[in-house]
Amino acid sequence: MLTAMDLPDTIALFPLPGALLLPRAKLPLHIFEPRYLAMLEDCMATKSRLIGMIQPRPTPSGAAERLHAIGCAGRLTALSETEDGRYMITLTGVSRFRMGAELPSEGLPYRRAQISWTGFERDIGLAEADPALDREGFLDLLHRYFEATQLSTEWGSLKDAEDELLINALSMLCPFQPEERQALLEAPSLALRRETLVTLMEFALREGDGGEMMQ
C-alpha cells in the first residue's frame, strides 16, 4: 500500500470524460491509443505506478481543452495484453489530487502536471464509514432508481457491502453526466458523497416522472 511519503509531485494525466475513480475503488480501462500506450509503458517503469484520472471541463466549440481542478490518482494493479497490442488494465484509486501547472511535453505524447495532495489526506489509509447512512431507505431509493433506468444488480451483495464500497461503487457505476460525476468526486467526505448520490438519484426520478417524485 502506498503511503503519503510515496506520492510524487508530478503525475501523468489521463483526461477522460465521464470516467470516475475514487480512493480504494477499482476502474477497468481499455488502452489502445498510441499516446496512452506510451504513458502506460512509462508508468510501469515508476515505483508508484500512478496515473491521474481527470475529467476535461466543458468548453466552447473550438476552444482549447481545459481540465477540472481535481482528479484521482490510480495505481496500476492489473494488466493484460491482447493479441493486437492493446491493454486491459485496472487502476485502484489511491488519492484525489489538485491540479497545478501542466508540464512541458518534452517530447512525450501525453500530458503531465505538477499536483498537490494537500486536503486529501483522509484518502490514504483505511476505508471511510458513514454512520448516518439509512441503509434501508437508501436501498429503497436505489431500487426505484434502478427500475426507472432499467439497470440491474445483485441486491444481496449490495445489502452486505461496507458503507464505502456501496457508496463509491454506485457513484462510479450509475449513468450520471460528467459534471455530476465530478461533484461526486469532489465531495469532501463519504457522507457528503452519499448525500450527493441521493440528490442525483432523486432528481433523475423526478425528471423521469414529469417533475414528480416516482413512488
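Student: What makes the contact between arginine 122 and glutamate 128 a salt bridge?

Tutor: In this predicted model, the side chains of arginine 122 and glutamate 128 meet with 3.6 Å from N to O, and since the cut-off for a salt bridge is a side-chain nitrogen of Lys or Arg within 4 Å of a carboxyl oxygen of Asp or Glu, the pair is called a salt bridge.

Student: How many salt bridges does the structure hold, and which parts of the chain does the one between aspartate 123 and arginine 96 link?

Tutor: The structure holds 10 salt bridges, including the one in which the side chains of aspartate 123 and arginine 96 meet at 2.9 Å, N to O. This pair links distant parts of the chain, 27 residues apart, with aspartate 123 in the loop between strand E6 (111–116) and helix H2 (135–149) and arginine 96 in strand E5. Both aspartate 123 and arginine 96 are buried.

Student: Why is cysteine 43 not counted in a disulfide?

Tutor: The nearest cysteine sulfur, that of cysteine 72, is 14 Å away, whereas a disulfide needs the two sulfur atoms within 2.5 Å, so the separation is too far for a bond. The count of disulfides comes to zero. Cysteine 43 counts as buried at 4% relative accessibility, and cysteine 72 counts as buried at 1%.

Student: What puts the buried residues of helix H1 on the same side?

Tutor: The buried residues of H1 (residues 34–44) are Tyr36, Met39, Leu40 and Cys43. They cover an arc of only 100 degrees around the axis, which puts them on the same side of H1. The face turned away from that buried side carries the exposed residues Pro34 and Glu41.

Student: Which strands do the buried residues of H1 pack against?

Tutor: They pack against strand E1 (10–15), strand E2 (26–31), strand E3 (50–54), strand E4 (70–81) and strand E5 (87–102).

Methods: Residues numbered from 1 in each chain as written. Predicted model: local features only at pLDDT ≥ 70, side-chain atom pairs only at ≥ 80, totals over all residues. Heavy atoms only, no water. Buried < 20%, exposed > 50% of the residue type's maximum accessible area, 1.4 Å probe, protein only. Helix = DSSP H or I, 4+ residues; strand = E, 2+ residues; numbered from the N terminus. Arc of directions from axis to C-beta. Contact = heavy atoms within 4.5 Å.
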